[in-house]
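New page in the notebook.

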Amino acid sequence: MGVSDLSPVPRYESLFKAGDLEGARRAALKAHEQDASDWRAMLTLARLALVDGNEALAESLLLGVARAGAGEERETRLVSAALHTRRSEWPQALGLYLELVAEPSPPTEAFFGLGYVRVEQGDAAAAHPSLAHAVSVEPRVALHHFQLARVLFLLDRLEEAFAHLERSLHLDPWHAPSYLVFARALEAGGELEAAEDLLRQGQKAVPDDVGLLKALADVRLARGNVRGAVSAAEARVRVEPEGVAALGHLARLRVTERRFREALELCDQLEARGMSTGLSRSVEALVFEAQEPPDMARAVAAWREAVRLSPDDWMPAWRLGLLLLRQVEGGPPEAALPARELLAEAHHRAPHRPEPVLSLARVEAWLGERAFARDRLASLLRHPALAPEWREQAEALLTELGPR
């Protein structure tokens, strides 16, 4: 049976709640060594295993808790729900959290978990009441404000979302995800300078967070500050010198700087380790295209590898399609068929991107399939959020195609 509500709180639980994880670990291990049936010590160790990302150990410890007769304790079910959540086992997690919030005096952690699961399932409206309740009960927990802000952004309640992000950072200035979500929201609103300032603030607080460094590089590049973007990318590589994504990102920026030899050296490092990616192969292709004279054969081969290695990325298929089109200019229309296939693949991968649509319409016009091209352009122009430059190009091409 479980421990009664009048039982004193073990030291390891107090340390865990206070955020002293290593102290809690030492105390719980000592308690477990002294009494192998101490289920509360095992449960604290299971919580710590989840913090460490060791799901197998957490599951093993939970089995030990169940064998000790405490499998139905509220705290045990909370940790079990957290394990299911970590594994994206949403139905199991949801069932446990719903049971917990229906009990008398439910723990705040259950409301938070329920809200988190709901939003991960794509139901922000259902997530909102649970997370709002968690914030109202424990307003000094930064993570509660952060998750509520995420939901509010999804519900387009931007002013409230920003307020909760600000509160989250006030309570926990070292919470990198708060800076990232805040910065992305500012970027989406066109406030690039404010986004960069916030990311710089985040980097000072958490200097080795690779997510912040990547975001800082991206926003600086968007502002035209290539040197600043490279500086952030170089810092990211120093933090994770073996990081595949970090090396690929820096290689792409080396191309922007036109430091082609260094870009290829970074790609060669990845290839030597058998870790080439769609990005690194794309970088190689861009370098081969930019050489004087261009090495088109190697560029085509690199783009083909990029298409294969990044099956969800539309850009390599689009770029390869355009390159093949340039190679058959002035030839018979049927020479454009391989390019058309690649452009169609790019469109399939990103149906709402205007670039593949416009390119496909031009190829179809060349092939004499003007009706297909007109329909494609008309569909594109129906998108209300289409950027002015793409709308202008689509309208110009539609005019060029003439009436039906």
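Here are my notes, going from the whole chain down to single residues.

**Overall build.** I'm working with a predicted model, so no experiment sits behind these values. I looked up the secondary structure and got 23 helices and zero strands. Next I checked the radius of gyration: it is 27 Å, well over the 22 Å that the globule rule gives for 404 residues, so the protein is more spread out than a compact globule. The C-alpha trace spans about 85 × 50 × 40 Å along its principal axes.

The protein exposes about 20,700 Å², and 53% of that comes from carbon and sulfur atoms. For charges, I noted 48 positive and 60 negative ones, with mean positions 2 Å apart.

A reminder to myself: most residues other than glycine have a negative phi, and most peptide bonds are trans. S88 sits in the loop between α5 and α6, while S105 is in the loop between α6 and α7. Are they buried or exposed? S88 is partly exposed at 44% relative accessible area; S105 counts as exposed because its relative accessibility is 64%, and the cut-off for exposed is over 50%.

P293 belongs to the loop between α17 and α18.

How values were computed: Residues are numbered from 1 along each chain as its sequence is written. This is a predicted model: local features need pLDDT of at least 70, side-chain atom pairs count only at pLDDT 80 or more; totals for chains, interfaces and linings use all residues. Side-chain values use heavy atoms; hydrogens and water are left out. Helices (H or I, at least four residues) and strands (E, at least two) are DSSP runs, numbered from the N terminus. Buried means under 20% relative accessible area, exposed over 50%, partly exposed in between (1.4 Å probe, protein chains only). The radius of gyration is taken over C-alpha atoms; the globule rule is 2.2 Å times the number of residues to the power 0.38. Accessible areas come from the Shrake-Rupley method with a 1.4 Å probe; for residues, only the protein chains shown count as cover. Lys and Arg count as positive and Asp and Glu as negative; His and the chain ends are not counted. The place of a charge is taken as NZ of Lys, CZ of Arg, CG of Asp or CD of Glu.
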